[in-house]
Amino acid sequence: MKTAKRILHSMSELEQIRERLAAVGTEEGRIAARKFVPTTDRVYGVRVPILNQLARELDQADFTTVDELWASAFYEERLLAAKLLGRLGKKNPEKGWEVVQRLARDVNDWASCDTLATESVRPGLNRFGTTIASAALCYLEEDNQWLRRFGLVVLTNFAKDASQRPRIEAALLRASGDRRPYVKKAADWLRRDLDKSMRA
């Protein structure tokens, strides 16, 4: 399989990435993506392990690459953007968290939402943990289902932190009346993680 670094240098980085995604996408993958992420319709059909590999290979990608990929209507480009953001956040956690918050307001599927709330957020936890946890709770004040899900999933990063339990319990209380499936499933996930940590 060609690596991202070997694709023609005459093409822009974004074009190179899109060529790679188009080359490795399959009809089986497209069917699977539409089944498991029904709110997205433009897909290449690329499996997540291949996206993970591509994210590791794109060592020259920057925050501009993330923005360009996220602006796409394609499901895999957004997932890849979130994965790259997680890597970039290790070097610049402040900028990473800033971009995460901006992109979260444009989420339209559970997979990119959850990747942003986990992989993209984690590099900033050591430096901005309290700020991130506080912001996550604020997302539960929103009516948008994806922002509410984002806030709940962000808090799964803190399930083992006893000091954050009051905040997590407050988030679960705020979400308790929301019967929208994507919000409810995130609340169930957070509740399970919290219960597990309390039994440990």
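How many nonpolar, polar and charged residues does the lining of the second largest pocket have? In this predicted model, that lining has three nonpolar, three polar and six charged residues. The pocket itself has a volume of about 190 Å³, and the residues that line the second largest pocket are Asn52, Ala55, Arg56, Lys83, Leu84, Gly86, Arg87, Lys90, Thr118, Glu119, Arg122 and Pro123. At least two residues of this lining are supplied by each of the helices α3 (48–57), α5 and α7, and the largest share, five residues, comes from α5.

The largest pocket holds about 300 Å³ of space. Its lining is made up of 17 residues, and those that lie nearest the centre of the pocket are Val48, Tyr75, Leu79, Trp110 and Ala111. Two or more residues of the lining are given by each of the elements α2 (27–36), α5 (75–91) and α7 (110–120), and here the largest share, five residues, comes from α7. When the lining of the largest pocket is divided by class, eleven residues are nonpolar, three are polar and three are charged.

The packing of helices against one another was then considered. Two packed helices are described by the angle between their axes and the distance between the axes. For α3 and α5, the axes come within 10 Å and cross at roughly 45°, an angle that makes α3 oblique to α5. The crossing of these two helices is right-handed. On the α3 side the contact is formed by Val48, Leu51, Asn52, Leu54 and Ala55, which meet Glu76, Leu79, Leu80, Lys83, Leu84 and Arg87 in α5. By class, this contact of α3 with α5 has seven nonpolar residues, one polar residue and three charged residues.

A second pair is formed by helix α6 (residues 93–104) and helix α8 (residues 125–139), whose axes come within 12 Å and cross at roughly 5°. Angles under 35 degrees count as roughly parallel, and α6 and α8 are therefore roughly parallel to each other. In this pair, Pro93, Glu94, Trp97 and Gln101 of α6 meet Arg127, Phe128, Thr131, Ile132, Ala135 and Tyr139 of α8, and the residues of the contact divide into six nonpolar, two polar and two charged.

The residues Arg148, Leu152 and Leu155 in α9 meet Arg167, Ile168, Ala171, Arg174 and Ala175 in α10. Sorted by class, the contact of α9 with α10 has five nonpolar residues, no polar residues and three charged residues.

Notes
Residues are numbered from 1 along each chain as its sequence is written. This is a predicted model: local features need pLDDT of at least 70, side-chain atom pairs count only at pLDDT 80 or more; totals for chains, interfaces and linings use all residues. Side-chain values use heavy atoms; hydrogens and water are left out. Contact means heavy atoms within 4.5 Å. Helices (H or I, at least four residues) and strands (E, at least two) are DSSP runs, numbered from the N terminus. Ala, Val, Leu, Ile, Met, Phe, Trp, Tyr, Cys and Pro count as nonpolar, Asp, Glu, Lys and Arg as charged, and the others, Gly among them, as polar. On a 1 Å grid over the protein atoms alone, a cavity is a set of points where a 1.4 Å probe fits but cannot get out, and a pocket is an open set with protein on both sides within 12 Å along at least five of seven lines; lining residues have an atom within 4 Å of a point. Grid points are joined across faces, edges and corners, and a volume is the space filled by probe spheres set on the points. Axes are lines fitted to C-alpha atoms, for helices over the stretch in contact, and angles run from 0 to 180 degrees between N-to-C directions. Angles under 35 degrees count as roughly parallel, over 145 as roughly antiparallel, 65 to 115 as roughly perpendicular and the rest as oblique. A crossing is left-handed if the near helix is turned anticlockwise from the far one by less than a right angle, and right-handed if clockwise.
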